[in-house]
Amino acid sequence: MNISTVSILGRQYDVVVVDALTSTGLCDYEAATISIKSGQVKHREADTLLHECVHAIDECMQTNLTERQVYCITVGILALIKNNPHVLTYINESIK
C-alpha cells in the first residue's frame, strides 16, 4: 500500500498494513490508526481503506452508522468512482 496517512476531518490517521488481523481492516479511533490486512488484492485493499475511512468519519460526526450502512456507503462510493472516473477528477479539481 502506498498510503501511510490520511486526514479525516482534520485528524491524521496512520495507515498500516499488518499480517495478524482477524478482519480485512480496523479503524482505531483512540490511536488514530487504520490497519489493513496484508495480502489483499489491490481492489479489496482499496475497498477496505475506504470502508475504514467511512468508520472514522462516522465516529467524528457521531452518526452511529451500522456496519451494514458503512458497507453499503462504501460499495456505493466505489461503484460511483469506478463507473464514472471523470466525477472524481471533477470533484478533485473543484475543491482545490
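Reader: Which residue forms a salt bridge with R44, and how far apart are the closest N and O atoms?

Author: First, the general idea. Side chains of opposite charge can pair when their charged atoms come close. A salt bridge here is a side-chain nitrogen of Lys or Arg within 4 Å of a carboxyl oxygen of Asp or Glu. R44 pairs with D47, and the closest N and O atoms are 2.9 Å apart. This is a predicted model: local features need pLDDT of at least 70, side-chain atom pairs count only at pLDDT 80 or more, and totals for chains, interfaces and linings use all residues. Residues are numbered from 1 along each chain as its sequence is written, and side-chain values use heavy atoms, with hydrogens and water left out.

Reader: Where do R44 and D47 lie, and how many residues apart are they?

Author: Helices (H or I, at least four residues) and strands (E, at least two) are DSSP runs, numbered from the N terminus. R44 and D47 both sit in helix α1, and because they are 3 residues apart, about one helical turn separates them.

Reader: Is D47 buried or exposed?

Author: Buried means under 20% relative accessible area, exposed over 50%, and partly exposed in between (1.4 Å probe, protein chains only). D47 has 12% relative accessibility, so it counts as buried. R44 is partly exposed at 36%.

Reader: How many salt bridges does the structure hold?

Author: There are 2. The other case to read is K42 with E45, where the closest N and O atoms are 3.6 Å apart. Both residues lie in α1, 3 residues apart, again about one turn of the helix. K42 is exposed at 57%. E45 is buried at 9%.

Reader: Which residues make up the largest nonpolar core?

Author: A nonpolar core is a set of buried Ala, Val, Leu, Ile, Met, Phe, Trp, Tyr and Cys residues joined through side-chain atoms within 4.5 Å. The largest one has 11 residues: V6, I8, Y13, V15, C27, A32, I34, I36, L49, C53 and A56. Two or more residues each come from β1 (5-8), β2 (11-18), β4 (33-37) and α1 (42-61). α1 gives the most, with 3.

Reader: What does L49 touch?

Author: Contact means heavy atoms within 4.5 Å. Leaving out residues up to four places away in sequence, L49 touches M1, I3, V15, I34 and I36.

Reader: Which side chains of β3 point to which face?

Author: They alternate along β3 (residues 25-28). G25 and C27 point to one face and are buried.

Reader: How many bridges join β3 to β4?

Author: Two strands pair if DSSP finds at least two bridges between them. Here 4 bridges join β3 to β4, and the strands run antiparallel. G25 has I36 as its bridge partner in β4. The two strands form a hairpin with 4 residues between them. A32, in that turn, has a positive phi of about 55°, although A32 is not a glycine. A32 is buried, at 10% relative accessibility.

Reader: Where is N64, and what is its phi?

Author: N64 is in the loop between α1 and α2. Its phi is near 55°, a positive value in a residue other than glycine. N64 is exposed at 65%.

Reader: Which residues form the nonpolar patch on the surface?

Author: Patches are made of residues with over 30% relative accessible area and no salt bridge: like charges are joined within 9 Å, nonpolar side chains (Val, Leu, Ile, Met, Phe, Trp, Tyr) within 5 Å. I73, I77, I81 and L88 form this one, with about 280 Å² of accessible area together (Shrake-Rupley method, 1.4 Å probe; for residues, only the protein chains shown count as cover). Helix α2 (residues 67-83) gives the most, with 3 residues. L88 is in helix α3 (residues 85-94) and is partly exposed at 43%.
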